[in-house]
Amino acid sequence: MAIKYLAALLPPILLLLFVWHKDATKEPFRQLLKAVIFGALICIPAVFWESFMGTLLFNGEEPTTIIGTTLNAFLCAAVPEETLKLIALWLVLRRNPYFDEHFDGIVYAVCVSLGFAAVENVGYVLNHEEAWVSVAVTRALMAVPGHYAFAVFMGYYYSMYHFVRHDTTTAISILLVPVLAHGIYDSLAMSSMVNPLIGGLGFVFLIFFCIKMQRVAYDRLTQMIGLDRA
């Protein structure tokens, strides 16, 4: 059992350490822990929200069409999860005196998102008795880095709105960009529910999408570091 928890928790921990290492002026541990805990706690309303939407849209059954899987990806996963992450991020930062650098938005957003991803990962790994190794490896390479990238986008626009551009487009992008990235990711990942051919094509596009998403996320991360050094 311990090795299953390790397999589930190690990927988000490593990504948290990566972002923490990139932060030139380290945030207080208690603030980072608060963000992680808030991210973990939003799993509770996320489960109820996603269950409600799944019942409303599909009567609790799995969708088997492209339109159905896309709606499922956006309305039952991307929208509720990224909305709750943004609420958690706002709660962490609204009276946080340490939110004083551009890169901080990314740091706290990643903490929230990977707190969520850690709990989600544990659930997936423990719920797959026989295939838990393949599930853990796949999520370590795809799903957890995906949550990390969504968080970088959210934190980037949150900081841009707070420090640089106080405009409507930037404000909307705080939620819209991670929702789009998350929704596209899940749409491609769920394409196998339609048929094997579409699933195979979807998986190929998913690999390319993930590579591009990580490159963009790294560019946004380095941009924020550069603004703090300027």
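Guide: Helices (H or I, at least four residues) and strands (E, at least two) are DSSP runs, numbered from the N terminus. This is a predicted model, in which local features need pLDDT of at least 70, side-chain atom pairs count only at pLDDT 80 or more, and totals for chains, interfaces and linings use all residues. Residues are numbered from 1 along each chain as its sequence is written, and side-chain values use heavy atoms, with hydrogens and water left out.

Visitor: In which helix does tyrosine 158 lie?

Guide: Tyrosine 158 belongs to a stretch that takes in residues 132–164. That stretch, and with it tyrosine 158, is helix 6.

Visitor: Is tyrosine 158 buried or exposed, and what is its relative accessible area?

Guide: A residue is called buried under 20% relative accessible area, exposed over 50%, and partly exposed in between (1.4 Å probe, protein chains only). Tyrosine 158 therefore counts as buried, with a relative accessible area of 12%.

Visitor: Leaving aside neighbours within four places in sequence, which residues is tyrosine 158 in contact with?

Guide: Contact means heavy atoms within 4.5 Å. Although glycine 105 is 53 residues away along the chain, its C-alpha atom and that of tyrosine 158 are separated by 6.1 Å. Once neighbours within four places in sequence are set aside, the contacts of tyrosine 158 are Leu86, Leu89, Trp90, Leu93, Phe99 and Ile174.

Visitor: What is the relative accessible area of histidine 182?

Guide: Histidine 182 is found in helix 7, which covers residues 168–189. Apart from neighbours within four places in sequence, histidine 182 is in contact with Ala77, Ala78, Glu81, Glu82, His147 and Phe150. Histidine 182 is buried, and its relative accessible area is 3%.

Visitor: How far apart are the end C-alpha atoms of helix 5?

Guide: Helix 5 (residues 102–126) is mostly covered, for 21 of its 25 residues are buried. The expected span of a helix is 1.5 Å times one less than its number of residues, so helix 5 should span 36 Å. The model agrees with this, because the end C-alpha atoms of helix 5 are separated by 37 Å.
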